[in-house]
Amino acid sequence: MANAASGMAVDDACKLKFLELKSKRTYRFIIYKIEEKQKQVIVEKVGEPTESYEDFIASIPADECRYAVYDFDFVTAENCQKSRIFFIAWSPDTAKVRSKMIYASSKDRFKRELDGIQVELQATDPSEMDLDVIKSRAA
């Protein structure tokens, strides 16, 4: 199952937790980490449905790369309750070059494993995944 480009496998829990978020709305967000020694993507943290966007942002390390999925609820201009599932590739400028390369080369394959992502966001700076950015991309 490993990707030829990066050699990263995807732990089954990654897909299972994503399916729970998508179909049962069990979680507000999931943060994924590449475990270099085991050469696989693992679930690092899940957020309860009651957790806020601020809780989500606070869960992402400031100077390490991560993948994250966030279930964003919003109300449209027509007053309809909607939800969008965001995939966020967090690659801060302060992260190690090797780490950024591994995350970049593994991203597309990992994202394909998570069927149902509606919006993708690349972020290298916290301002690029600000709540206003999420709101503007959700509509």
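What follows is a chat about a predicted model of a protein chain.

Visitor: How many bridges join β2 to β3, then?

Guide: Seven bridges join β2 to strand β3 (residues 40-47), and these strands run antiparallel. Here E35 stands opposite Q40 in β3, and in the hairpin of β2 and β3, where four residues lie between the strands, K39 takes a positive phi near 55°.

Visitor: How many residues of β2 are buried?

Guide: Five of the seven residues of β2 are buried, so that the strand is described as mostly covered.

Visitor: Switching to rings, how many aromatic pairs are there?

Guide: The count comes to 11 aromatic pairs. One of them joins F56 and Y70, whose ring centres are 4.9 Å apart and whose planes stand at 40°, so this pair is tilted.

Visitor: Where in the chain do F56 and Y70 sit?

Guide: F56 is in helix α2 (residues 53-59) and Y70 in strand β4 (residues 66-75), so the pair links distant parts of the chain, 14 residues apart. F56 is buried, with a relative accessible area of 0%, and Y70 also counts as buried, at 5% relative accessibility.

Visitor: What about Y67 and F110, are they stacked or edge-to-face?

Guide: The ring centres of Y67 and F110 are 5.1 Å apart and their planes are at 20°, so the pair is stacked. Because Y67 lies in strand β4 and F110 in helix α3 (residues 97-113), the pair ties together parts that are 43 residues apart in sequence. Y67 is buried, with a relative accessible area of 1%, and F110 counts as buried at 1% relative accessibility.

Visitor: Which rings make up the cluster?

Guide: Ring pairs link Y32, Y67, F87, Y103 and F110 into a cluster.

Visitor: Back in β4, is D71 buried or exposed?

Guide: D71, which lies in strand β4, is buried, with a relative accessible area of 2%.

Visitor: Which side chain does D71 join in a polar contact?

Guide: A polar contact of 3.4 Å joins the side chain of D71 to that of R25. Leaving aside its neighbours within four places in sequence, D71 is in contact with L21, R25, Y27, R28, S83, R84 and I85.

Visitor: Last one: where is S91?

Guide: S91 is found in the loop between β5 (81-90) and α3. S91 has a relative accessible area of 18%, and because buried means under 20%, this residue counts as buried. Apart from neighbours within four places in sequence, S91 is in contact with C65, K100, A123 and T124.

Note on methods. Residues are numbered from 1 along each chain as its sequence is written. This is a predicted model: local features need pLDDT of at least 70, side-chain atom pairs count only at pLDDT 80 or more; totals for chains, interfaces and linings use all residues. Side-chain values use heavy atoms; hydrogens and water are left out. Rings of Phe, Tyr and Trp (its six-membered ring) pair if their centres lie within 6.5 Å; planes under 30 degrees apart count as stacked, over 60 as edge-to-face and the rest as tilted. Helices (H or I, at least four residues) and strands (E, at least two) are DSSP runs, numbered from the N terminus. Buried means under 20% relative accessible area, exposed over 50%, partly exposed in between (1.4 Å probe, protein chains only). A polar contact is a pair of N or O atoms within 3.5 Å; within protein, one must be able to donate a hydrogen and the other to accept it, and residues adjacent in sequence count only if both atoms are side-chain atoms. Contact means heavy atoms within 4.5 Å. Two strands pair if DSSP finds at least two bridges between them.
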